[in-house]
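Me: I would like to learn how to read helix packing and contact surfaces. Could you take me through them?

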Amino acid sequence: MTEDDLRDLYQEVILDHGRRPRNFRRLDAPDASARGNNPLCGDRIEVFVKTDAEGRITDAAFEGKGCAISTASASLMTEIVKGKTAEEAKALGAAFREMATGGCPHCEAALEDDFDRLRVLSGVAEYPSRVKCATLAWHTLGAALDHAAEEVRTE
Amino acid sequence: MSAEAVRRVLAAGAPVPPPFDVARIRADFPILSRLVRGKPLVFLDSAASAQKPRAVIEAMTAMYEGGYANVHRGAYWLSESATAAFEGAREAVARFINAGSAREVVFVRNATEGINLVAQSWGRAFLKAGDEVLITAMEHHANIVPWQMLRDQIGIVLRVAPVTDRGELDMEAFRRLLGPRTRLVAVTQMSNVLGTITPVGAIVAAARAQGALVLLDGCQAIVHAAQDMQALGADFYVFSGHKLYGPTGIGVLWAKLAHLEAMPPWMGGGDMIASVSFERTTYAEPPARFEAGTPAIAEAIGLKAAIEYLGGIDRAGAHAHEQGLLDHATARLSAIPGVAIIGEAQAKGAVVSFTVDTAHPHDLATLLDRAGVCVRAGHHCAQPLMERFGLPATARASFAIYNTRAEVDALADAVARAREFFA
């Protein structure tokens, strides 16, 4: 095992966000929240969102237990969606999911400035069993924004 | 092998297998010579599904290339010959587990199907609302969900005996949960997560004392030691072929003939009938009654080949070898700071579940994979057991007859490196 091989998947940014996730807390009185669950690996996450009168996300946070990939993805997500409208955040999530599965000709345009920050997770496309780790947070955010009552599952 | 066992084999006229030699065993498994990600394959996930010896692969190929036809049907030589081979596989299974007769051997797809068959046939026919089925907290989902389905269908009560912090069955609590309403005790013989070998003798005796029947999930246990249906004293026993070095798609439900004779069919179709008219259908005798449709013919032949393969090796020596690997892995992993082993039963088979303080089991498995080491990461189809230990998941290494000490060392070295990587 050479570390270089692994750096494709576990870039320093991922290791950092995996060890010290940002916005790792509950929000008091969130405007939206949802639970996500990846039954394959037992990962669980809860995402909280606050929005302003215009529907813009003013704060996003998460709690849960997961692997480095899922934790880092959730951490990066909560940073990136702040200041975005729900529609923008959902579009970002859709583009991210495409990138994570390896087929996203339009990602660069869709993700714009955020692409560089999220591109660190594109390595999961080489690991089919890990794609769901990366996308769990975004699925869960989508459910929260849709006010879906049910728990999200990536299986 | 004990002197007594050797005498028995000699008396039976069978050749005595040569002493266990892992290098010779490895040569029998073609896949073990391949590389994974440029590294030698270190396959430590045999508890999920074992690799196959050449004898199994060749037996199935030979069946397809020279002996294949549907069974129990054709009035032509090839079908008769295939039928004889298929029924010969049943005879081989019966001898392998010391069944009362081959009629007690029902071919199913896997142990999961065997348990579902018992729940849906015996359970629906003989249990009623309020009757109790007692399982344990260390069951695989396959020995939980079929009983929950039955509970939702007919109102049985499902009781669960707890496990101790060491991962052993809490026998005191187990005895307390047994009562006059207990109709069936359904227990694993060896936990696929903890490696715990359950005290089957005591379980059977306690169940008998309450008049309850016993179902044993032998998936893991039968892989590591010979099983004798007469000695175990259970009513039902299930196992899967693919964990026993045989093919997927074939498994066994053994049951005492009296139970099978009293049980209604579960699935309807061809092969399981005596006669069919639109007014009335009569059912075949067991085991055919429970084998609707064309069975897994080549797979049964493959299972027979796996059984014969095991018959040709020194199984006592193999067992000692596997236990040696478990001891070595336990020592090596325990010596790594931050590694916790889950399951410390006194009686433990060749399975070790563990966690690493800096790495989630999935991240760990990905790193090990890059070193060519295949381990299972997740809840191992035993989510209630994971809850019991407060864990979302563990990594699990399991050892088979073909694994080596060097592979255990490769595992431990890779775990230590992974811990550093994520620290």
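**Two helices in chain B**

Reply: Start with one contact. In helix 13 of chain B, Leu325(B), His328(B), Ala329(B), Arg332(B) and Leu333(B) meet Arg405(B), Val408(B), Asp409(B), Leu411(B), Ala412(B) and Val415(B) of helix 16 of chain B. Contact means C-beta atoms, placed from the backbone, within 7 Å. Helices (H or I, at least four residues) and strands (E, at least two) are DSSP runs, numbered from the N terminus. This is a predicted model: local features need pLDDT of at least 70, side-chain atom pairs count only at pLDDT 80 or more, and totals for chains, interfaces and linings use all residues. Residues are numbered from 1 along each chain as its sequence is written, while chains are lettered from A and ligands numbered from 1 in the order in which they are written.

Me: At what angle do the axes of helix 13 and helix 16 of chain B cross?

Reply: Two packed helices are described by the angle between their axes and the distance between the axes. Here the axes of helix 13 and helix 16 (residues 405-422) of chain B cross at roughly 20° and come within 10 Å. Axes are lines fitted to C-alpha atoms, for helices over the stretch in contact, and angles run from 0 to 180 degrees between N-to-C directions. Helix 13 of chain B is therefore roughly parallel to helix 16 of chain B (under 35 degrees).

Me: How many residues does each chain bring to the contact between chain A and chain B?

Reply: Count each side separately. Chain A gives 17 residues and chain B gives 17 residues. Helix 1 (3-7) and strand 2 (43-51) of chain A each supply at least two residues of the chain A side.

Terms used: Angles under 35 degrees count as roughly parallel, over 145 as roughly antiparallel, 65 to 115 as roughly perpendicular and the rest as oblique.
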